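Reader: I've just opened this model and I'd like to learn how to read it. Could you walk me through a few features?

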Amino acid sequence: MELVLHQFELPLEHTFTISRGSLNVQETLIVELRYEGLVGYGEATTNDYYNATIEQMSADLDRLRPLLKEATPDDPPQLWEQTRPLLANNPFAHCALDMAVHDLWGKTLGKPVYELWGLATDNVPVSNYTIGIDSIERMVEKLQQYQDWPIYKIKLGTAHDLEIIRALREHSSAVFRVDANCAWTAEETIQNASAMKDLGVEFIEQPLAAELRDQMPEVKRHSALPLVADESCIVESDVELCQAGFDVINIKLVKCAGLTPARRMISTARELGLQVMVGCMTESTVGISAIAQLLPLLDFVDMDGAALLSDDIAEGAQVIQGACLYPDQPGCGVTLLKSNPLPVTG
């Protein structure tokens, strides 16, 4: 397989703010794999919180060129294991590669990835639309701009969190989910859960900082709402650690290193009685199309990343008012619309 790396800046339609900061443009790395006239694509966005940079991802992937030149896309899990030693410290890069291999695998066999896994898409969860932190007035405006979505994820972590939910509830009867991104204390979580249950909130995502996971079992015992682990559930070994303090795990493909480990995490969660969600970053249709392959395995999904952009770089799975529309294409169904190849280094 031939490796080509692309760097893009994805412009957001609105400034996107969570408890840790804001962004207007998201940098992303696209992995392109070419094999016998076919092309597969994967994606990993940059992320300061997880020390994921274009420079490091591309450098680590460049070192794999000799290995990939001799490899085929016939067995994505096997190639994931083969490349693991070289990418163990760079799950974002490993994810992008794993996505691209799966996309190419499906294209070589002429079938969607989910179908090759033995799955059907006739009964899959719908996605939320995320509303970032802003003034209450602006958050209401964003909700009204996308008023046809059935579920909204509300980013919180301010001094006015309950006020925000109350104001938004005045303008919508849709399901609300809230994500504090580690900004609350245990006491705040318990208090907010009680109040927010009465306001039609479905669950609370990552209320406490990840390093406070030992406090979560007590919070779970007193919470009126289900609790979702995000920053507390990064890799496969975290799933079992989340059982006592959470009801749901939220898997991010870039954090766990791709579709291959994500499927194992889903299986482990089911064995432990945990529900499963897959979430996205602010990413293009390349990454969203990979998430779409997992939908039949999930209870919840957050795959609105491309819907937050003002300009996309790819075609594939679309999320329209929460519903996933699958492309009539094999693999993950991705077609790259733009090209910005990086020079080969190392």
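Reader: Let's begin with two helices: at roughly what angle do the axes of helix α3 and helix α12 cross?

Author: The general idea comes before the case. Two packed helices are described by the angle between their axes and the distance between the axes. Here, the axes of α3 (residues 76-87) and α12 (residues 259-271) cross at roughly 105° and come within 9 Å. An axis is a line fitted to C-alpha atoms, for helices over the stretch in contact, and angles run from 0 to 180 degrees between N-to-C directions. Helices (H or I, at least four residues) and strands (E, at least two) are DSSP runs, numbered from the N terminus. A word on the source: this is a predicted model, where local features need pLDDT of at least 70 and side-chain atom pairs count only at pLDDT 80 or more, while totals for chains, interfaces and linings use all residues. Residues are numbered from 1 along each chain as its sequence is written, and side-chain values use heavy atoms, with hydrogens and water left out.

Reader: Which residues make the contact?

Author: From α3 come Pro76, Pro77, Trp80 and Glu81, and from α12 come Thr260, Pro261 and Arg264. Contact means heavy atoms within 4.5 Å.

Reader: How do α6 and α7 pack?

Author: Helix α6 (residues 136-145) and helix α7 (residues 161-169) meet at an angle of about 40°, their axes 10 Å apart. They are therefore oblique to each other. On the α6 side, the contact is made by Ile136, Met139, Val140 and Leu143, and on the α7 side by Glu163, Ile164, Ala167 and Leu168. Sorted by class, that makes 7 nonpolar, no polar and 1 charged residues. (Ala, Val, Leu, Ile, Met, Phe, Trp, Tyr, Cys and Pro count as nonpolar, Asp, Glu, Lys and Arg as charged, and the others, Gly among them, as polar.)

Reader: Which residues of α6 are buried?

Author: An α-helix has 3.6 residues a turn, so residues three or four places apart point the same way. In α6, the buried ones are Met139, Val140, Lys142 and Leu143. Buried means under 20% relative accessible area, exposed over 50%, and partly exposed in between (1.4 Å probe, protein chains only). Down the axis of α6 these buried residues fall within an arc of 160°, so they line one face of the helix. The arc is that of the directions from the helix axis to the C-beta atoms. They pack against β1 (2-18), β4 (129-131), β5 (151-155), α7 and β6 (175-179).

Reader: What about Trp117: buried or exposed?

Author: Trp117 is buried, with a relative accessible area of 14%. Its place is the loop between α5 (113-116) and β4. Beyond its neighbours within four places in sequence, Trp117 is in contact with His102, Trp105, Leu259, Arg263, Gln293 and Leu294.

Reader: And where does Glu36 lie?

Author: Glu36 is in the loop between β2 (21-35) and β3 (38-45). Its phi is near 50°, a positive value in a residue other than glycine. Glu36 is exposed, at a relative accessible area of 68%. Asn51, in the loop between β3 and α1 (54-62), has a phi near 55° and is exposed, at 66% relative accessible area.

Terms used
Parallel < 35°, antiparallel > 145°, perpendicular 65-115°, else oblique.
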